[in-house]
Structures are given as structure tokens and as C-alpha cells.
Amino acid sequence: NVEKGKDHLYKRLGESAGISQLIDSLYNIALMDARIKDFLTEHKDRIKAAQTIYIVEMLGGPKSYKGKELPEIHKNLNINDYHFDAFMADFA
């Protein structure tokens, strides 16, 4: 992930610690969002931990995500574009 500058965003966000803080801030908002909070509340800590690892990797950090593929995780949750858009709006 670090060849040819692919880790630039990872570094700019403060590496793993900074991304973890970003995810904490996101969840402070998302857990109050009536559109999506029911998807996140029950397994909040596990979801946050896996999502942090996944995003660290996607932004150029160390490859350590060993979870299921995203389509498999979401397939029985009835999450649709509306919920994804709500989550991304909270992220912004």
C-alpha cells in the first residue's frame, strides 16, 4: 500500500490513531441518526473496530483486515442506498 504514494491520505489523516479518532467522531453522529442507528447500536464496538481496520487499509495503511467481504456482511441486513447515503452524510 505504500508504493507510489498510496499511503498519502493515511498519513495525512494521522495514520491509524487519526483514523480511529475519525471513526469515533463519525459514530458519535451516526448513533444519533434515526435513519441508521438501529444497524449500528447492537454490535457498535465490533463494527467500529472492523471498520477502522478496513478504512486504514483502504487509505493506504497496513493490510490487516481479515473480516468478511462487505457484500457478505451486509446481505441480510436490508441496508440499501438510502442507509448508505445517510451514513456517508454523517461522515461528511
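**Reading helix packing**

A: In this predicted model, α2 and α4 pack with their axes 10 Å apart and at an angle of about 135°, where axes are lines fitted to C-alpha atoms, for helices over the stretch in contact, and angles run from 0 to 180 degrees between N-to-C directions. Helices (H or I, at least four residues) and strands (E, at least two) are DSSP runs, numbered from the N terminus. Because this is a predicted model, local features need pLDDT of at least 70 and side-chain atom pairs count only at pLDDT 80 or more, while totals for chains, interfaces and linings use all residues. Residues are numbered from 1 along each chain as its sequence is written, and side-chain values use heavy atoms, with hydrogens and water left out.

Q: How are α2 and α4 oriented to each other, and what is the hand of their crossing?

A: Angles under 35 degrees count as roughly parallel, over 145 as roughly antiparallel, 65 to 115 as roughly perpendicular and the rest as oblique; α2 and α4 are therefore oblique to each other. A crossing is left-handed if the near helix is turned anticlockwise from the far one by less than a right angle, and right-handed if clockwise; α2 passes α4 in a right-handed crossing. On the α2 side the contact (heavy atoms within 4.5 Å) is made by Ser16, Ile19, Ser20, Ile23, Asp24 and Tyr27, and on the α4 side by Lys44, Ile47, Lys48, Gln51, Thr52, Ile55 and Val56. These residues divide into six nonpolar, four polar and three charged, where Ala, Val, Leu, Ile, Met, Phe, Trp, Tyr, Cys and Pro count as nonpolar, Asp, Glu, Lys and Arg as charged, and the others, Gly among them, as polar.

Q: Is threonine 52 buried or exposed, and which residues does threonine 52 contact?

A: Buried means under 20% relative accessible area, exposed over 50%, and partly exposed in between (1.4 Å probe, protein chains only). Threonine 52, which lies in helix α4, has a relative accessible area of 14% and is therefore buried. Leaving aside neighbours within four places in sequence, threonine 52 is in contact with Ile19, Ser20 and Ile23.

Q: How does α2 meet α6?

A: The axes of helix α2 (residues 15–30) and helix α6 (residues 81–91) come within 9 Å and cross at roughly 120°, so that α2 and α6 are oblique to each other, and α2 passes α6 in a right-handed crossing. From α2, the residues Leu22, Ile23, Leu26, Tyr27, Ile29 and Ala30 meet Phe87, Asp90 and Phe91 of α6. The residues of this contact divide into eight nonpolar, no polar and one charged.

Q: Which residues of α2 are buried, and what covers them?

A: An α-helix has 3.6 residues a turn, so residues three or four places apart point the same way. In α2, the buried residues are Gly18, Ile19, Ile23, Leu26, Tyr27 and Ala30, and what covers them includes α1 (8–12), α3 (37–40), α4 (44–58) and α6.

Q: Where is histidine 83 placed, and which residues does histidine 83 contact?

A: Histidine 83 is in helix α6 and counts as buried because its relative accessibility is 14%. Apart from neighbours within four places in sequence, the contacts of histidine 83 are Arg35, Ile36, Phe39 and Asn78. Asparagine 78, in the loop between α5 (70–74) and α6, is by contrast exposed, with a relative accessible area of 65%, and its phi is near 60°, a positive value in a residue other than glycine.
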